[in-house]
Amino acid sequence: MSRRRTAALPTPVALLFLLPAAVLFGVFVLYPMATALTYSLFSWRGTAQEAFVGLDNFVALFTTEPYRTELPRAFGHNALLFGGAMVAQNSVGLLLAVLLHQRERFRRLFQVLFTMPYLVSPLVVGYLWSLLLSPLFGPVNALLRAVGLDAVAQPWLGDPDTALWVVVLVTAWQWVGFPLLVYGAALGALDPSTQEAAMLDGAGAAQRFWHVTLPLLTPVIGTVSVLTFIFSMEAFPIPYALGGSSGSPAGATDVMSLLFYRTAFRSGASNAIGVSSAVAIVLFLVIVGVSVAFTRWFRGVERRLT
Amino acid sequence: MSRRITRATASAALVALTLGACAPSADSPEPGAAAGEGCDGDAVTLDVWSWRTEDVKTYERIFDVFEEANPCITVSFQAHLNTEYDQILRTGLTGSDGPDVAQVRSYGLLQPLVEGGNLQPLDDVVPELAEFDDAALDGARGREDGSVYGVPLATQTIQVWYNTAIFEENGLSEPETWDDFLALNDTLLEAGVTPLAVGARDGWFVPTVHDALTAARYGGADFQQALRDGETDFTDPAYVASIQTLKDLQEYMPDDVTGVAYTDAQVLFTSGQAAMFPGGSYEQAFFQEANPDLELGVFQVPPPPGSAVDHPVTPGYADGNWGLSAATQHPDEARTLLSWLASPEFGQLVADELKQFSPVPGVEYADPLQQEMWDLYQESPAPYLLLVDYRYGDPTGTDLMGQAGQKLFLGDTDAAGAADIVQDGLSAWWTPGE
């Protein structure tokens, strides 16, 4: 069954070809990550590194204001972004992928259309939507009023109760093409005979989806979920474009990356580099920890299903 | 074997190529026309960095004047994107390819460079600084040693802009008293014009609006001094009353003001849908560009009843400095340049070419509106309080007022609660009197 030697090239040559990418990865990813870790273990005076302080910066992060309140709040917002993305982005993406899979004509066209916003810079998407949602000049409220839905027209980005959900929806609007493409490809790769067998056994469309298609998609759903989690935790451009660096209104759209940005570059605090590096490390640990735990758990689920 | 070596060399070259593409290209200094000519010593090129990408051409013209007078010095002016500048500058000043002279931020955001030892103190280096106003130099001081680390570049003032055509149509004139101010707001509201173009969705704009409209209520510079002396804090009744005044004026602002962006407010004003815009002197260029037919006037808001001072004030703040890199290889030439940047000749060029207020004493403004704003500021200056003294820690005073003001406008807190938000937030790093 297992054929370990799949390499087309002898190992030394393969390593040689891997070298450029490995060097780039080392210089631009591993090295900055290692520096961020060391930065967070020192105290700083402006740009000058001072004494080794161990975990003091992390302790400060969890015990002193403003971080003690802002960190959990920002983290909670990231979690809501993830939850929102699972519903508004991935479920919708799966639905669209299934619908498109059932039709031959225009499938490519719709795939391209749904994926298009993906190609635009998220900052641009954010600013675009902030214009569309402006309570003064925005077409969204104008449209709602024009069709008599005055009660629904809101200061979408000005109300703490709606602002975060606007971030979720705008993010979903931009990224829905991602689950759409991945699920679409996975659906195309499924063996049609399983569907036929289910049909012969008399299963309806809904039954086939719930009991045949969905279980077969589980590995892909797991991958998409983990990636969505990582994107949601790292969200920066869209929240920044919609709520500015302080997460307007009144911190309702504040997320971890904004907290990092404010701490690192917008504060006049002497130890800004130390504390902001600690924020970055905490964010990194959360992402790695949850992603690994989730992947492990999901593998177990997969094994039980297959 | 030899094939292997060839392969290795090829991949090494590939790596070098890829990395080379990522490294910043060495900025080859372009000797200006004046450089070299008439220079009887060693010709030196000074690297000068700035965040004003939009002013590159103007600055090159300005530095031509300097190069003509100093034939041995060539200025290589490089601008970096404003939003990335602070990061680039921090790296530049700590590394070897940095600038000799650089634009640096004022007040709190200057401190990381001062504390990191990246800038040289200028008190003894640039004697012209003695002529500068203290308020301008405050923006260039190191928090801990009180030394001056930059030649002040520009000053911004905060006042109320108004559309003179709308005022004329409604038979209005600049208000002399608080009652006048309220009456003209009411008249405009009845006429279907938004009186005050304000957007509170951008947190940073809220403290600007607050100081533009109510700095006299809490007392401007006197209150700043009382805070510095530890006699009071932000829960002071006068400060709470100033926030209440801001809340009272909300009826003259657009509906759902926390959903209105700063840029929306600009458009409201330049398109003639709103009559007044409380904001900075830096708006002028944009206003005139967005609507060349717009007739602009400025006034200071009269003090509300119960104000701590009996006259209107204009808040202002220092906006940027020229700093001297601690790592410069050409300290003498850099000092010559900095002395020139502190001279009336350069100050006048800032006024005429860059259309900014220069803190160099004695500069005149050709634009009457600019001259008027400057005169108002000279007559009764006040600090843009939260920016000037309260950006030396995390969270910053302006961010706190942004959040507090948004909650105030949303009705989630009252004036006292908003003042508490500012005071509690600042107490993380600030104690009155320190």
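**Loops, a helix and an interface**

Visitor: Where in chain B does B:Lys355 lie?

Guide: B:Lys355 lies in the loop between α14 and α15 (368–379) of chain B, helices (H or I, at least four residues) and strands (E, at least two) being DSSP runs numbered from the N terminus. This is a predicted model, in which local features need pLDDT of at least 70, side-chain atom pairs count only at pLDDT 80 or more, and totals for chains, interfaces and linings use all residues. Residues are numbered from 1 along each chain as its sequence is written, while chains are lettered from A and ligands numbered from 1 in the order in which they are written.

Visitor: What makes B:Lys355 partly exposed?

Guide: A residue is buried if 20 or more other C-beta atoms, placed from the backbone, lie within 10 Å of its own, exposed if 12 or fewer do, and partly exposed in between. B:Lys355 has 18 other C-beta atoms within 10 Å, and is therefore partly exposed. Its phi is near 60 degrees, a positive value in a residue other than glycine, whereas most residues other than glycine have a negative phi.

Visitor: Why does A:Phe106 count as exposed?

Guide: A:Phe106 has 10 C-beta neighbours inside 10 Å, so it counts as exposed. This residue, in the loop between α3 and α4 (107–115) of chain A, has a positive phi of about 65 degrees although it is not a glycine.

Visitor: How do you know that the length of helix α2 of chain B agrees with its number of residues?

Guide: The expected span is 1.5 Å times one less than the number of residues. For the 14 residues of α2(B) (residues 56–69) that gives 20 Å, and the end C-alpha atoms are 20 Å apart, so the two agree.

Visitor: What makes the buried residues of α2(B) lie on the same side?

Guide: The buried residues B:Tyr59, B:Ile62, B:Phe63 and B:Phe66 cover an arc of only 95 degrees around the axis, which puts them on the same side of α2(B); the arc is that of the directions from the helix axis to the C-beta atoms. On the other side of α2(B), B:Lys57 and B:Arg61 are exposed.

Visitor: How many residues of chain B are in contact with chain A?

Guide: Two residues are in contact if their C-beta atoms, placed from the backbone, lie within 7 Å, and by that test 49 residues of chain B are in contact with 36 residues of chain A. Among the elements that each supply at least two residues of this side of chain B are α1 (2–22) and α17 (397–410).
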